Amino acid sequence: MRSYRKELTFNLPSRRGFVNITPQVEEALRESGIREGLCLVNAMHITASVYINDAESGLLADYEAWLEKLAPHAPVSQYRHNNTGEDNADAHLKRQIMGREVVVAVTGGRLDFGPWEQIYYGEFDGRRAKRVLIKIIGE
Ligand code: ZN
């Protein structure tokens, strides 16, 4: 069995945002040379997510509105986590909802997606460099 590891770095200029990282994951898969196996992609930070869904701008706006309803950023004093001096309690909660990682089957050297599936990086406390891990195993 072979394995391949790669880190991607993102530094979003805004507090929150979504990035379609499917092309970068496909590039890593090509670099790995693996044809049959599994591809794990996870956010390496507890205020960012990796998830799979549709690449559709209305849906991305809906996520932003829905997550702000579930865990509004302000007032920051509403969260006990922010008593530590941080202001990112909402980002931890948003990350929990949107998830840490995805696993995609690798078949014939390609990501074996269902219809419309794309891999996204979700940032909830940006304006600093954060990493995503890609690990591919197989043969
Ligand atoms: Zn925090």
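Is Asp-87 buried, partly exposed or exposed? Asp-87 is partly exposed, with a relative accessible area of 32%. The close-ups below show this residue and others in a predicted model.

**View 1. Arg-15 and Asp-87 meet in a salt bridge.** The N to O distance is 3.1 Å. The two residues lie 72 residues apart in the chain. Arg-15 sits in the loop between E1 and strand E2 (17-20). Asp-87 sits in the loop between H2 and H3. Arg-15 counts as buried because its relative accessible area is 17%, and buried means under 20%.

**View 2. Arg-15 also forms a salt bridge with Asp-125.** Here the N to O distance is 3.5 Å. Asp-125 belongs to the loop between E7 and E8, 110 residues from Arg-15. Both partners are buried.

**View 3. Lys-6 pairs with Glu-31.** Their closest N and O atoms are 3.1 Å apart. Glu-31 is partly exposed, at 38% relative accessible area.

**View 4. Five residues form a network of salt bridges.** The members are Arg-16, Glu-64, Glu-68, Asp-90 and Lys-94. The model has 13 salt bridges.

View 5. Most residues other than glycine have a negative phi, and most peptide bonds are trans. Trp-116 has a positive phi of about 70°. Trp-116 is exposed, with a relative accessible area of 70%. The peptide bond from Ala-74 to Pro-75 is cis, with omega near -5°.

Note on methods. Residues numbered from 1 in each chain as written. Predicted model: local features only at pLDDT ≥ 70, side-chain atom pairs only at ≥ 80, totals over all residues. Heavy atoms only, no water. Buried < 20%, exposed > 50% of the residue type's maximum accessible area, 1.4 Å probe, protein only. Salt bridge = Lys/Arg side-chain N within 4 Å of Asp/Glu carboxyl O. Helix = DSSP H or I, 4+ residues; strand = E, 2+ residues; numbered from the N terminus.
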